[in-house]
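I opened my notebook to look up a few side chains and strands. Here is the model I worked from.

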Amino acid sequence: MKFFIVLACVLAVVAANEEANVLRNDAEVNVDNFKYAYEFDNSIKAEQEGKLAGEDTWVVKGQYSFTSPEGEQVSLQYTADENGYHVDAANPLLPTPPPIPEHILKAIEYINAHPPKALN
């Protein structure tokens, strides 16, 4: 099953970049771990490896990079585990949300200071 997911990802990238030639395509899929890496001549590179960390829990680490249409090098490193998907590093940095407005902070402070009373 994992092999088909990896293959589908590689095929999707190739289909989106029909002009790209494959420079590297490595894959190893086992029952309790996997890893793959690919690289195309249009600057797209990706690597991922995962291992079974429990009965149903996978820990997956990976990275990918490419050159944006503006010519900027983009890269990202990530981890996915029982807590979800986490970006470990990104270049350029990922956007951050705007600060919480003052009136919302005051409302949260009020709610915390005046918890609702239990109904009997």
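I began with accessibility: buried means under 20% relative accessible area, exposed means over 50%, and partly exposed lies in between (1.4 Å probe, protein chains only). This is a predicted model, where local features need pLDDT of at least 70, side-chain atom pairs count only at pLDDT 80 or more, and totals for chains, interfaces and linings use all residues. Residues are numbered from 1 along each chain as its sequence is written, and side-chain values use heavy atoms, with hydrogens and water left out.

**Entry: charged pairs**

Side chains of opposite charge can pair when their charged atoms come close. I used this rule for a salt bridge: a side-chain nitrogen of Lys or Arg within 4 Å of a carboxyl oxygen of Asp or Glu. I found two salt bridges. Arg24 pairs with Asp26, with the closest N and O atoms 2.9 Å apart. Glu47 also forms a salt bridge with Arg24, at 3.4 Å between the closest N and O atoms. Glu47 lies in strand β3 (residues 45–52) and Arg24 in strand β1, so this pair ties together parts that are 23 residues apart in sequence. Strands here are DSSP runs (E, at least two residues), numbered from the N terminus. Arg24, Asp26 and Glu47 are linked in a network. How accessible is Arg24? Arg24 is partly exposed, at 33%. Asp26 is partly exposed at 39%, and Glu47 is partly exposed at 35%.

**Entry: the hairpin**

Next I looked at strand pairing, which needs at least two DSSP bridges between two strands. Strand β1 (residues 22–29) pairs with strand β2 (residues 33–40) in the antiparallel sense, over seven bridges. A hairpin of three residues joins β1 to β2. Which residue of β2 is the bridge partner of Val29? I found Phe34.

**Entry: the core**

A nonpolar core is a set of buried Ala, Val, Leu, Ile, Met, Phe, Trp, Tyr and Cys residues joined through side-chain atoms within 4.5 Å. The largest one has eight residues, including Phe34, Tyr38, Phe40 and Val60. β2 gives the most to this core, with four residues.

**Entry: rings**

Rings of Phe, Tyr and Trp (its six-membered ring) pair if their centres lie within 6.5 Å; planes under 30 degrees apart are stacked, over 60 edge-to-face, and the rest tilted. I counted six aromatic pairs in the whole structure. Phe34 and Trp58 form a tilted pair, 5.9 Å centre to centre, with 50 degrees between the planes. Phe34 is buried at 9%, whereas Trp58 is partly exposed at 26%. Tyr38 and Phe40 are also tilted, at 5.4 Å and 55 degrees.
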